Amino acid sequence: MLPAAGQAQSPARDSKDGQNPSYRILVRDQVQMTVFDEPDLSTVQRVDGRGQLRVPLLGNVKVSGHTIRDAEQLLEKLFVQGEFLKDPMVTIKIVEYAPREVSVLGAVRSPGTIPFPIEVNTMDIVDVISKVGGFTGIAKGEAVKVTRQNDSGDESVFKVDVESLITGRGGKPGSDRFLIYPGDVIYVPDRLW
């Protein structure tokens, strides 16, 4: 699930406990889950590629896409429904945030990965292309492919005419944009002569 416009997803800090309770957990975040007064149920692990944590007594539980508070409430509910605990208090803390980056491959001057600043959830594709030095002379800028994976692991491929976005930038600001999200892969093909 991709963040909606204006929806915060950055790892901003909450002054009370060092975590922002509205932060949405991502695949590859490393989390610490503790259950008050139940040390055997506590765990530190990385969210797997399917967005799940392996929780003692509960098995695999999907937490990616949930806010920290929603994930805590979900786990508490599952412990009660499974009749493992009467009134559990689950706390989740992000120990290490997943790398937030976009890969740019193909006919660009400096292919590689571009990290997302912590406070940014999306970047315009034109800005990403400019960060890797722009297109090479043989780039097919009107047929750029963006591959995006959703929370369920399904991939979507978008064909973007970045060349038109670049030349159209003098028009209405923000009218022609294609947003890139962390984890996207951008491929710029070569022109066939």
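In the predicted model, Gln52 touches Arg46, Val47, Asn60, Val61, Lys62 and Val63, residues up to four places away in sequence being left out of this list. Gln52 itself belongs to strand E3, which covers residues 52–55. Its relative accessibility is 18%, and because the limit for a buried residue is under 20%, Gln52 counts as buried.

Strands of a sheet pair through backbone hydrogen bonds, either parallel or antiparallel. In this structure, an open sheet is formed by 3 strands in the order E2-E1-E5, and the pairing is antiparallel. From one strand to the next, the twist averages 25 degrees. Strand E1 (residues 30–35) is joined to the antiparallel E5 by 6 bridges. Met33 has Ile92 of E5 as its bridge partner. Helix H1, made up of residues 68–81, lies across E1 and E5 and runs at about 135 degrees to E5.

A pair of aromatic rings is described by the distance of the centres and the angle of the planes. Across the whole structure, 2 aromatic pairs are found. In one of them, the ring centres of Tyr23 and Tyr97 are 5.1 Å apart and the planes stand at 80 degrees, so the pair is edge-to-face. Tyr23 is located in the segment before E1, whereas Tyr97 is in the loop between E5 and strand E6 (101–106); the pair therefore ties together parts 74 residues apart in sequence. With a relative accessibility of 1%, Tyr23 counts as buried.

Conventions
Residues numbered from 1 in each chain as written. Predicted model: local features only at pLDDT ≥ 70, side-chain atom pairs only at ≥ 80, totals over all residues. Heavy atoms only, no water. Pairing = 2+ DSSP bridges. Helix = DSSP H or I, 4+ residues; strand = E, 2+ residues; numbered from the N terminus. Axes fitted to C-alpha atoms, helices over the stretch in contact; angles between N-to-C directions. Contact = heavy atoms within 4.5 Å. Buried < 20%, exposed > 50% of the residue type's maximum accessible area, 1.4 Å probe, protein only. Phe/Tyr/Trp six-rings, centres within 6.5 Å; stacked < 30°, edge-to-face > 60°.
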